Amino acid sequence: MAQTVNDVADLMSDKTRQPKSNFQVPTTVKYFFTVLVLGLLVLILIMGGKALRDAPPAAIHVSNQGLTVAQYRTLQQVMNQQSVSSFFTSDLQALRDITTGLAWVDQVSISRDWQRGIVVTALPKQAVANFGTERLVDAKGSVFVPADSRDLTQERFATLQGDIAQAPVIMQQMQQVNDWYAPLDLQVADIILSPRMTWLIRFDNGLRVIVDNENTAQKLLNLSQLLGNQLSNRREEIQSVDLRYKNGFTIAWNIAPPQNSETPP
């Protein structure tokens, strides 16, 4: 038994005494392969850059979603005038700036699509009122010229007038007045803010109101309450109301024309 153990020990010691293989790649070969890999990478980059430069111009696809025919044609014409590079190198931000430069565009999205190319999607501003006779205005008070001139001076819209810079203020005032006078079934037809900050308001029933810039909101609110209470029975007889007073107001009444004695009642 002891001899067997000794034989195993001798066998293991013989294996440990065997020389190990220390094969090493020569430094020259390592250097060669490193240079080769780097050269291939540089070549790939050069070839890729050349392919991008030589690629044909990307196609621009204008989406007609949410646009009228006139808006789509206008945007398509503008995009046709743009010179773009390849699919990957085209400057999308530049195209976005050009699109948002159109007065009637509210939001724009530009993306790359493998099948259609560069896709331009625009959302138009939604007009809620006329601003003078040559512009429209949206709910945020942004004044713009529509893509189709036939959209100007729409009869269903109220008309705002004043300095363009004051458009958001005028829009906010009109919305507030409409809220106050809605219980009286009155809506603003025209509202003007003069350079002296005087408000001239004409309602859809013909009633005209003029008010200064001092306590404007309170005066208009008080008038709506009077028209709904003390003056409710004579509302149709009122032609105009002047609120430019600290402690009161004046009313101009509709005067019925005198009847001719020869004309039957």
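How close do the axes of α5 and α6 come, and at what angle do they cross? In this predicted model, the two axes come within 9 Å and cross at roughly 25 degrees. Because angles under 35 degrees count as roughly parallel, α5 and α6 are described as roughly parallel to each other, and α5 passes α6 in a right-handed crossing. The contacts between the two helices involve Gln173, Val177, Trp180 and Tyr181 on the side of α5, which meet Thr216, Ala217, Leu220, Leu221, Leu223, Ser224 and Leu227 on the side of α6.

The helix pair belongs to a protein chain with six helices and 12 strands. Of the 265 residues in this chain, 32% are buried. Among contacts with a separation of 6 or more, 43% are made by residues 24 or more positions apart. The mean pLDDT of the chain is 84, with 79% of its residues at 70 or more. Over residues 261–265, however, pLDDT stays under 50, and the model has one contact beyond four places in sequence for this stretch. Where pLDDT is low, the predicted coordinates should not be read in detail.

The largest nonpolar core has 30 residues, and those with the most contacts inside it are Leu160, Tyr181, Phe203 and Val209. The largest share, six residues, comes from α5. Apart from this core lies another, of 22 residues, which includes Leu67, Phe87, Ile110 and Phe144. With residues up to four places away in sequence left out, Val209 touches Trp199, Leu200, Ile201, Phe203, Leu220, Leu223, Val241 and Leu243; two of these partners, Leu220 and Leu223, are also among the α6 residues that α5 meets.

Individual residues illustrate how these elements are joined. Gln173 lies in helix α5 and is buried, with a relative accessible area of 12%. Beyond four places in sequence, Gln173 touches Ile191, Trp199, Thr216 and Leu220, of which Thr216 and Leu220 are in α6. Gln173 and Ile191 are separated by 18 residues in sequence, and their C-alpha atoms are 8.8 Å apart in space. Asp190, a residue of strand β8, is likewise buried, its relative accessible area being 17%.

Ala127 is placed in strand β4 and, at 22% relative accessibility, counts as partly exposed. Neighbours within four places in sequence aside, Ala127 is in contact with Leu136, Val137, Asp138, Phe144 and Phe157, and one of these partners, Phe144, is a member of the core of 22 residues. Ala127 and Pro146 are 19 residues apart in sequence, with a C-alpha to C-alpha distance of 8.9 Å. Arg96 lies in helix α4 (residues 92–100) and is also partly exposed, at 24% relative accessibility. Its contacts beyond four places in sequence are with Val108 and Ile110, and Ile110 is again found in the core of 22 residues. Between Arg96 and Val108 there are 12 positions in sequence and 6.8 Å in space, taken from C-alpha to C-alpha.

Most residues other than glycine have a negative phi, and most peptide bonds are trans. Asp185, although not a glycine, has a positive phi of about 60 degrees; Asp185 is placed in the loop between α5 and β8 and is exposed, with a relative accessible area of 65%. Asn215 also has a positive phi, near 55 degrees, in a residue other than glycine. Asn215 is found in the loop between β10 and α6 and is exposed, with a relative accessible area of 53%.

Conventions: Residues numbered from 1 in each chain as written. Predicted model: local features only at pLDDT ≥ 70, side-chain atom pairs only at ≥ 80, totals over all residues. Heavy atoms only, no water. pLDDT = per-residue confidence, 0-100. Contact = heavy atoms within 4.5 Å. Core = buried A, V, L, I, M, F, W, Y, C linked by side-chain atoms within 4.5 Å. Buried < 20%, exposed > 50% of the residue type's maximum accessible area, 1.4 Å probe, protein only. Helix = DSSP H or I, 4+ residues; strand = E, 2+ residues; numbered from the N terminus. Axes fitted to C-alpha atoms, helices over the stretch in contact; angles between N-to-C directions. Parallel < 35°, antiparallel > 145°, perpendicular 65-115°, else oblique. Left-handed = near helix turned anticlockwise from the far one by under 90°.
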